[in-house]
Amino acid sequence: NEQVVVFCSAKGSLNAQKPKVTKQLTALCTSILDEQIDLLKANQLATTIILDQYDDAISFNLDFPFEIGVELYNRCHALIDVRDGKKEGNVKSLIDCIEGFGERFKVRQIASLGQQYRLQTIACDAWDVGFITDDHFRNANVPTTQFSTIKESLEHLLSQGKIPIVTGFIGKTEQGLHTTGGYNSSDLWATIAGAALHAKEVRIYNAEINALYSINPRIAKYVNVIPQALSTITYEEADELALQGAKLHPSTIKPARKEGVPIRVLNAFDPADPCSRGTLIGEKNKYVSITPRSFTSKDVKLVNVHLTEMDSAFGYAAIVYNSLSELGINAEMGDASSNTAVRVAFDAHASVGDIVYNLEKNGIFFHLLVSIKIPSESYISTTLPEKQSSSRNHGNKLLSPFSIKYTLSFMPTVLRNL
């Protein structure tokens with residue numbers, strides 16, 4: 001008797017042997033812009049992607065949206081025209097548009113599948129149900145002012161007995177430019193809708209994990225730690241876990257926490273698994289209990305910056321961190337080893353060249369800057385606060401979130417390489 005709204009990602013294929021469609025679309029954009037491929041080659045690459053989606057549809061006897069395939073060709077042609085200066089256009093918006101075609105194919109496949117089971121499923125592009133975003137291409141956000149429109153649009157469909165199957169990941173600006181919310185943002189789109197509708201629960205079905213874990217299972221073997229499936233965690237813990245590399249968009253938790261909507265992370269393909277109940281994320285003392293946690297992240301760069309122009313620099317580390325912030329780079333960890341040296345770890349995809357330029361622009365001159373991409377055998381460990389033991393005076397009390405500690409750990413093989 002529950003009313004359901006479904007948000008669909010396009011990370012995989014209905015056929016597990018085929019490449020992931022979003023990666024194919026990203027590679028298509030890269031080929032057009034970086035490799036300068038011509039229209040014929042672009043059509044060939046787009047045809048491969050469309051045929052993969054067509055094969056999925058035929059395999060499951062689903063309707064195929066040929067009009068979406070035609071639109072993909074048209075967008076590729078538009079990107080080539082803008083690249084060659086034949087037409088004016090927003091390259092970033094065209095890239096976001098092309099990368100979002102996986103979701104547009106998938107929601108129509110899922111809606112067709114639902115109709116075979118006599119469900120009143122209906123495919124919806126996100127912008128048609130109120131997902132109007134800002135213009136931060138590849139990292140767009142839906143302002144809270146849109147929540148009422150999202151609520152009204154989805155409730156209208158639900159009142160008709162429909163089950164909306166909505167594209168995650170993609171949106172449009174008020175000017176009609178295509179945007180995407182970034183990696184894993186289908187989860188974020190779902191929690192935004194959950195918050196707008198004051199949903200009973202948001203359920204995130206993941207194809208790769210059974211629950212959220214105390215440590216990344218892929219690197220647990222390097223540190224002799226057995227991953228523990230977390231049955232319950234708080235919004236704050238989930239926030240930290242998302243920021244440190246878990247399979248959640250970093251902003252996923254915020255909308256749900258604001259409206260008090262619980263989130264459950266489940267396995268999409270193994271309902272018989274003991275962990276299929278997944279991880280429940282919610283308010284402390286209401287849904288979950290507090291226990292010690294440890295979360296991990298990998299793929300970071302470690303940079304040492306040594307000052308040369310002055311003997312001692314008050315606030316020098318702050319200037320370094322501000323220089324990173326101006327570039328939109330989040331410092332994962334840092335320490336000041338002296339008044340004239342600081343060591344910072346940040347996401348491996350960030351450009352060290354941009355950081356050097358920005359440091360110099362802010363008056364920081366140095367004689368040594370070392371960049372090391374830390375391999376998967378190294379990680380940042382974030383230890384969240386423990387619940388203190390009971391006492392006659394204080395009772396159970398959660399430590400301040402500012403007491404979170406970071407440690408950077410290297411395996412022996414990494415140290416030898418360094």
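Two strands count as paired if DSSP finds at least two bridges between them. Strands (E, at least two residues) and helices (H or I, at least four) are DSSP runs, numbered from the N terminus.

The model is predicted: local features need pLDDT of at least 70, side-chain atom pairs count only at pLDDT 80 or more, and totals for chains, interfaces and linings use all residues. Residues are numbered from 1 along each chain as its sequence is written, and side-chain values use heavy atoms, leaving out hydrogens and water.

**Exercise 1.** Describe the pairing and burial of strand S8 (residues 263–267).

*Solution.* 
- Step 1: S8 pairs with strand S9 (residues 279–282) in the antiparallel sense, over 3 bridges. Here Arg264 stands opposite Leu280.
- Step 2: S8 also pairs with strand S6 (residues 202–206), in the parallel sense and over 5 bridges. Here Val265 stands opposite Ile204.

**Exercise 2.** Work out the strand order of the open sheet formed by 3 strands, and find its edges.

*Solution.* 
- Step 1: The order is S1-S3-S2, with parallel pairing.
- Step 2: S1 (6–8) and S2 (121–124) are the edge strands, each pairing on one side only.
- Step 3: S2 and S3 (residues 163–167) share 4 bridges; Ala123 has Ile165 in S3 as its bridge partner.

Definitions and conventions: Buried < 20%, exposed > 50% of the residue type's maximum accessible area, 1.4 Å probe, protein only.
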